[in-house]
Each structure stands twice: as C-alpha cells, then as structure tokens.
Amino acid sequence: MKIDRVEFNKLLNERVLFLDGAYGTVFMQQGFTDQPAIQLNLTAPEVVYKLHKEYLAAGADIILTNTFSGNRRKLKELGLEDKFFQLNKAAVELALDAAGDKLVFANLSSTGEFPQPLGSLSWYEVKDIFKEQAELLVAQGVDGFMIETMSDLKEIKAALLAVREVAANLPVIAQMTFAETFYSATGSYLKSFAALFSDLDVDVIGINCTLTPEEILPLLNELIKLTDKPVSVEANAGQPIFQDGQLSYPGSAREFMRASEKLVATGVNLLGGCCGTTPEYIEALVKQYQGSKFSRKKRNDVQYIASRSKIVGFDEFVSIGEQINPAGNKRLQDDIYNRNYNLLSQKAVLQKNAGAKALDINLGIENLLEKKHFSEVVNRLDQQNSLPLIFDIQTNEFLEQSLAEYPGRPILNSARVVKEDLDHKIKLMHKYGGMLILLAMDDQIPDTAAARVDLIKTGVNYLNENGIKTARILADPLMLSLGAGQNPEITLKTINQLNAAGIKTILGLSNLSFGMEARSALHAAFIAQAIREGLNAAILDPVDQNVMNNIKGSLLLLGKRVATGQKYQSNNEIVNALLAGDQSETNKIINYLLREYSPLKISQEKLGKAMELIGQLYEKQEIFLPQLLLAARTVEPIFTKLNNLLSKDDAYSSRGKVLLATVKNDIHDIGKNIIQAVLVGSGFQVKDIGKDQSTAQILAAVKSFKPDIVGLSAMMTGTIAQLEETVTQLKSEFPELKIMAGGASLTEELALAFGCDAYAANAISALKKCEILIN
C-alpha cells in the first residue's frame, strides 16, 4: 500500500487528482473485438500494460486494474469462471508493474444481475460476490478501490460493504451512472445516492459514464450541494459512432478538455474519463487543469431521508404514516406472519395518497417472525412505493437485515440514552447510514422538561463523540397518554427547549390519546401547539384529515412551507391494484368484469389500457422501474388466464408475437428482461431466447416461433458489429419481419442505419414501438 486513507484524503484537498480513461473502448478501437477486455490480461498482457503506461505518461495519478468484469458471476457469463483467480491476479500485476510510485485502484463493477426485487440474487449473495473479488485484489496489493458504472443503489451499497469487510484501511471511490433526468436505469435517484453515501464509509463519491461533460454538469452541481465527501466525475467522450466496422467517438480531446472546465470549477476532487476517452484525453485534462483547486460551494445543510427514488428534507414538516403496525389489527399481524403483504401494501399506498411523506414500519410481534419477513417487506415496499422508511424494529438481527436490504437513507426508531443501546445504533449507522430517533429517557422517563432536555443533550454528546453528527439525530420528547394522567405540557416545553438548542424533534402523536374518546380532536389540537413550539416531524395517521388540515393551517400561520405528499392514485382500479402488486384484488376485478365482457375485450380494453396508463406514469417519473416491474409481473398471470379463456383464433390477436435476444458475445440481459416483463404484462406473446445468441441461433428461433417483431439488445460497444450482421441476415431472409433494437451502446441513428425498423431506449419506448410496428 503506497498511501493510507488519511494521506489520500489530504491529497484530495490539495489539488485535483487525475484518474485514467477508458479501457474497453480503447481495446475495441485497437481491434480487440473478439474477446472481453478482461481476457487480454492473459491473452495480450503487453496491450494492457502499454495502455497503463500511456495513461501514466499522460499524467494520471491513479490507474485502474483491468478487472471491470472480474467478479465471478460476470466471468461465468463470459465463459471465463475457471480463470477467475488468474485474470484478477494478472490485472493487478500488470497495473503495479506499470505504476511505479503512482496509485493502483482495483476496479469493480456490476455483477450483471440486480439484487432483489429487481433481479434474482439476494443482497447477501451480491455482497459475497464482490467480497470474493475484493479479497483477491487486496491480497495482490492494490492501493484502493474504484466501484463504478453502477445503476442500482442497492448493488453499489453491497459492493462498498463487501470491500470494507476486507479492506477497512484502503481508500474507496464509489460512482453511479445516471441519465440526464437524475435517475438511473433502476430508478435510483442521484439525490438518494448522495444522501445515503454521505453517511457511509467511503472516501469519494461520484458520477461516471452515459453523459458528456456538458450533460453531466447539472448532476455534478447537485451532488456537490448534497455532500461533504470529496467528489469525482468521469464523463463519456460522446455517443459512439460505428462506421465501416470501426468504432469512434465524436469530438477531440481538446474539445473534451474545454467542456470539462465547468466540471473543474465546481470544486471536483478527481477528474477522469469514461467511454471513448483515451490517453490523449487525459493528457489534455492534465495539461490544462494540473494544480487547479477551486473552492466548493457550501453544502446544503438540510438533512434528508431517502428511498430509492425520493428524498424528503427536514426543511419542512414531515408527516410519517403509522398504519403499518399490527397493534390492534389481528388480520394484518396474521397476514404478515403468513407472508401475505397485500394489506400492508394497501396501507402504504393509502397513507402515501393521504399526504404522508414517509412510512413507519413496525411488523408487530417479532418473536413470531424471521429475517425473511423483513427482507420481503422492504423489497415489496421498494417495488410499489417510493416513500422513505422509518424502521421501528426492536430485534437487532431483524433491524440489521432491514437496513441491509433498504436502498435508501432511513430513520432508525429508536434508542434510549443507554450506552449499550446507543453503541449498537452507532455501529449500524456507521455501516448502513441513516438518522436516529433518540428517546428522552434512559431506564426511566424524566418527569420534567428540563430533565428530558438534559438527557437528550447527554445522548447527543455521546453520539457526537462517536462520529454521529447532531444533524443525524431526531429527539423524541416523549408523548405520553393524557388518559393515564400525563401532562402534555411537559412534552411541549421539551420541544421548545430542544428547538432552541438546535436539535430537531419528532414524536408519536397517537400516544397522546391512548384509551380516550375524541382522539382526532385531541391530536389535531395538540399537533398545532407542537408545531408552534418547533416540532419537525410526527408519526401519525395521515388518513385523519382533521389532523392533516391542522398541520397545514399551523404551518401557513407560521409562514412555513407546506408540501404535499407524492400521489399517483388513479381513477382506474386495475391500475391501483397492479401498482400495489395485489394480484388477488386484480383477479377479483377481472372476475367481476368477466360477467359482462369477453376475455378478449377485457384483455384489450381493460388490462391493456391499465398498462398503458402505468407506462405514462413511468414516463412522467411519477413511478419508477421497481413499480413498473411489479405491475408487469402482477398482470402477467392474469393475461395468461384470459388468453386461456380465448378461442384459438382469438388468442393473442390483440397484440402480437415478439422474439427477444441479446446478440453474440454480449452477456447483458437486464434491460431485455425488463422489456420482456413489460411486453408480457401488456398482452404480447413473448419468446426470450436469452443472451449471447449468434445470428444462426436467432434465425432458427425466427423460423420456429414466427414472430411479428424481433427485439435485439446490444449493451456492449464491442457487439455493435454483431448487431449489424444479425439485422442484415434477418432482413435478407425475412424482408417483411420488423426489427427493433436497443442497448446502452446503440443510438437511434445507428439502429436505423443498420436496417432496423425501430430503436427503443427503454422498456416503455419498446412497448410503444411494438404497438406501432404491429399496427
């Protein structure tokens, strides 16, 4: 190890450090299109070594090992699993031999399969895949890690925690890739990434790939506003151009350097290049910006909680839904125990549409439950609801399971001012991030406001001493039962004094009226007084509009901002059932409709229309990929049921037949799988023949299946030539066949130039193009 984390972070604050540029696209431009880039570590090591030396000569401070696809799962897909050790070992040896006194960071990226609920792997399986590779790379002597080009917040968290289990003292850079919308392909939000990773044990966070310097600038500006961490950026050279069998990128190294000026001016700490950049590009950056150091804008002081696709700031009052709690609700407790989450999902949607900005999660009698209950609930809510979560979970192993599974920045509810309790929560917060509710009690509940405030301050000081900032703490002044003779005035005074001390407050409103009548009136009256004293958040029943209206009125009278909860409730009951993932409710609706309408009419005009509306919500970013996939998976068996009721002549007549495949030498199929789910969920008959499919295999499948449309995917830049060959052969043998293509390396211009009838950038685009091509 040439540098420790302290020295590395000191260096980051002295000047801009320079990363290297692309490897895969450079190798392709050199003619190595017949094998994965990582295989060159063994088949052409001199080529890898030479590129390392060229980046170092260009001025790079850090070079990356050629291990982007080096995890075991990705290598298995490439047919190279038996070379796992040799490929990773050779990559580190080549980089270290080239680097001299410069830094060598191990390069990690996606497994090629998302963790649940978007993919099939558990979060722990994904973490173990990264841990195995990280252990090997550390043993070979790397100086740090670069985790990059990740599109799933849950996967990049797994990668980081895996690295930290084997390399606590090495610097780590973590980068995600986003579209210009600020969202990744999985619906992971840039702001959620910033909020969560600002808490985690990572040295640098950043953005890479997909976008040019001009396109990435707004995202970089937003990232810098949301974190105190050093920040990195690696933009693409542009969209690839494939002509006469040769790969190239538009623009020159000088143009890339000039376009990067505003990136440097943000105060970015590390600067490099991604797809399409070469040593010439890095040399241009180094010559122009070496020694540069611009001051960063002050971080936004607002604290946020976050789900995968939504953040909620404590610059406004936060209403937290309390209904996911089986206390007094035997049906909900029984359903949770039996792993039937339909009622829980309904309550989540109901509270969201009533104005809640976050949801408190309490699964009831925990000694009846297992880890899988908590994993399944977190994944279900990730799929069908984008509100941030508060984990009111008392069993330590269940709380940690929930935190591991959660793709966002949560609140831990809660800790007493007791060393053992605080130490456990501190450990979890350092590992998984988030905020903490600190109770104004130790083994006893103080009976005065002054004593509660003193106890909270004691707890806050202890948390501060152990690395948890005051901004990450919400104090609970304790709301006790009026019916039991407790004085709510003590709670109000405690809120007032904590507010004066700069400590944010939260309480459970329903505790006030336990066992009493006129609960709504009591809650409404008290919340107005609490907000006046400075209360920041409350766990309450958002369906009680008396309370919600009082909150709104109180905030307006105080001149504070009034925000509404996110709503996507539709007038279409099928849409609502599908977005909740409620197959039982959807079936009930369909069975009722079958009394009046034919299966064909329901398939065409009811289910088809519902999926069309869901697609529109997705396009408007009112829902995201997890919700889209949940709806598609929920509706698929119902389409099958209706199709089984159709006559042979009518079956599938409303949509058509689509064959899907990823072309030869491309092992990526995440996007294709999403398209399959959406098409099937919209009533198309789909045959997916998988990834790494040769032209001959695709031709044979067309002859057998006789599709109306063939959808081809080419994710990797090096498989663009294969796509062109496949399209040419298909058009030659089946001139009337409609062909649609997509993938990260493809543009609409290229697709049409190759002879495709349509280009699809995403699943909803693919659905629309299929509808057009069929008609």
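**Close-up views**

**View A. Leu478 is placed in the loop that runs between β18 (473–476) and α20 (488–500).** The structure is a predicted model, in which local features need pLDDT of at least 70 and side-chain atom pairs count only at pLDDT 80 or more, whereas totals for chains, interfaces and linings use all residues. Residues are numbered from 1 along each chain as its sequence is written, and side-chain values use heavy atoms, with hydrogens and water left out. Helices (H or I, at least four residues) and strands (E, at least two) are DSSP runs, numbered from the N terminus. Although Leu478 is not a glycine, its phi is positive, at about 80 degrees. Leu478 counts as buried because its relative accessibility is 8%, where buried means under 20% relative accessible area, exposed over 50% and partly exposed in between (1.4 Å probe, protein chains only).

View B. Phi of Thr210 is near 70 degrees, a positive value in a residue other than glycine. With a relative accessible area of 38%, Thr210 is partly exposed.

**View C. Cis peptide bonds join Gln116 to Pro117 and Asn413 to Ser414.** Omega is about 15 degrees for the bond between Gln116 and Pro117, and Pro117 is in the loop between β3 (103–108) and α7 (123–139). For the bond between Asn413 and Ser414, omega is about 25 degrees, and Ser414 is found in strand β16 (residues 411–415).

**View D. Helix α17 (residues 396–405) packs against helix α18 (residues 419–432).** Axes are lines fitted to C-alpha atoms, for helices over the stretch in contact, and angles run from 0 to 180 degrees between N-to-C directions; angles under 35 degrees count as roughly parallel, over 145 as roughly antiparallel, 65 to 115 as roughly perpendicular and the rest as oblique. The crossing of α17 and α18 is right-handed, that is, the near helix is turned clockwise from the far one by less than a right angle (anticlockwise for left-handed). In contact (heavy atoms within 4.5 Å) are Asn396, Leu399, Glu400, Leu403 and Ala404 of α17 with His424, Lys425, Leu428, Lys431 and Tyr432 of α18.

**View E. Lys672 lies in helix α27 (residues 670–681).** Lys672 counts as buried, since its relative accessibility is 3%. Its side chain is joined to that of Asn673 by a polar contact of 3.2 Å and to that of Asp688 by a polar contact of 2.8 Å. A polar contact is a pair of N or O atoms within 3.5 Å; within protein, one must be able to donate a hydrogen and the other to accept it, and residues adjacent in sequence count only if both atoms are side-chain atoms. Not counting residues up to four places away in sequence, Lys672 touches Leu660, Ala661, Thr662, Asp688, Gly690 and Ser713.

**View F. Ile147 is placed in strand β4 (residues 144–150).** Ile147 is buried, its relative accessible area being 0%. Leaving aside neighbours within four places in sequence, its contacts include Leu108, Ile156, Leu160, Val163 and Val172. Ile147 and Val163 are 16 residues apart in sequence and, C-alpha to C-alpha, 9.5 Å apart in space.
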